[in-house]
Amino acid sequence: MSADPSVVHQLAIERVDNLEPQDLADLCEATNAAIAEGGGFGWLEAQSRAALERHFRGVLLVPERELFIARLDGEVAGSAQMVRPPRNNEAQGFSAQLTHAFIAPYARGFGLARLLIRKIEERAAGLGIRVLNLDVRATQKTAIALFEGLGYVRWGTHPAYARVNGETVAGYHYYRVIEVPHGRSSAEALGDFKGD
Ligand SMILES: CC(C)(COP(=O)(O)OP(=O)(O)OC[C@H]1O[C@@H](n2cnc3c(N)ncnc32)[C@H](O)[C@@H]1OP(=O)(O)O)[C@@H](O)C(=O)NCCC(=O)NCCS
């Protein structure tokens, strides 16, 4: 599949608390395709179907974690997770981490990632979350273009963020302030803070 602009594809993003067997199988295949291409998700080597299924089933069980899937023409081709702080972390209850975002190489360039991130922001805002945080390897140029294009502010660089193929790789940390649908604006709620 390639990003031919003359072909109209159906793009859809869903937050799921259950995965049908076919969706789980497609998600595992998409994950391994992304790992093989070398991007994202932390894994460096392709994983067995059983390991990936355990991972996604585990994600669905964690109360603070939400799973979002991206569909291209009905088939699951990517996902991302939103992780909220545990209940005891009241001080950071206004924020969440956007993590494990990826689109399978065969489904890239159609706008799925942009939709996926916007959908997570919408969900976060609905939960009253005002700040989304994320981090990415400095080598993930496409992801960096994606997040910076969507207004994420780079606030720091971790020089020893990851180890990939025997090399230490830096990582970039980002945040984005989002507006919640009701009540005070985020500027009012957060007050003055030193951003970038
Ligand atoms: C980053 C990634 C999620 C983008 O997925 P995608 O569905 O192809 O992205 P989209 O089609 O929604 O593109 C959205 C934006 O991303 C950027 N982008 C996408 N593909 C790009 C490319 N080949 N080169 C440069 N920028 C690109 C652009 O800013 C684009 O906006 P534009 O279309 O207005 O130019 C995908 O490449 C991926 O999974 N990469 C590996 C995993 C990863 O890096 N994950 C992030 C770490 S958490």
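The structure is a predicted model, in which local features require pLDDT of at least 70 and side-chain atom pairs count only at pLDDT 80 or more, whereas totals for chains, interfaces and linings use all residues. Residues are numbered from 1 along each chain as its sequence is written. Helices (H or I, at least four residues) and strands (E, at least two) are DSSP runs numbered from the N terminus.

Helix H1 spans residues 21-37 and reaches 24 Å from its first C-alpha to its last, close to the 24 Å expected at 1.5 Å a residue; the expected span is 1.5 Å times one less than the number of residues. Leu24, Asp26, Leu27, Cys28, Ala30, Thr31 and Ala34 of this helix are buried (20 or more other C-beta atoms within 10 Å of the residue's own; exposed, 12 or fewer; partly exposed, in between; C-beta atoms placed from the backbone). The cover over the buried residues of H1 includes helix H2 (49-61), strand E2 (65-72), E3 and E4.

The strands form an open sheet of 7 members in the order E1-E2-E3-E4-E5-E7-E6, with mixed pairing; two strands pair if DSSP finds at least two bridges between them. Strand E1 (11-16) and strand E6 (153-164) are the edge strands, each pairing on one side only. On average, neighbouring strands of this sheet are turned by 25° against each other, direction ignored. Strand E3 (residues 75-83) and strand E4 (residues 95-103) run antiparallel and are joined by 5 bridges, with valine 83 opposite glutamine 97. E4 runs parallel to strand E5 (residues 131-137), to which 3 bridges join it, and glutamine 97 stands opposite asparagine 133 in E5. Between E4 and E5 the chain passes through helix H3 (residues 112-126) in a right-handed β-α-β crossover, that is, with the strands pointing away from the viewer, the path from the first strand over the helix to the second runs clockwise. E5 pairs with strand E7 (residues 167-177) in the antiparallel sense over 7 bridges, and arginine 137 has glycine 171 in E7 as its bridge partner. H3 packs on the sheet, touching E1, E2, E3, E4 and E5, and its direction makes about 35° with that of E3 (axes are lines fitted to C-alpha atoms, for helices over the stretch in contact, with angles from 0 to 180 degrees between N-to-C directions).

The largest nonpolar core holds 39 residues, of which Ala77, Ile103, Leu112, Leu116 and Ile120 touch the most other members; such a core is a set of buried Ala, Val, Leu, Ile, Met, Phe, Trp, Tyr and Cys residues joined through C-beta atoms within 7 Å. H3 gives the most to this core, with 6 residues. Alanine 77, in strand E3, is buried because 27 other C-beta atoms lie within 10 Å. Leucine 116, neighbours within four places in sequence aside, is in contact with Ile13, Phe68, Ala70, Gly78, Ala80 and Ala101.

Positive phi values also occur in residues other than glycine. Aspartate 73, in the loop between E2 and E3, has a phi near 50° and counts as partly exposed, with 14 C-beta neighbours inside 10 Å. Histidine 100, in strand E4, has a phi near 55° and counts as buried, with 21 C-beta neighbours inside 10 Å.

Methods. Two residues are in contact if their C-beta atoms, placed from the backbone, lie within 7 Å.
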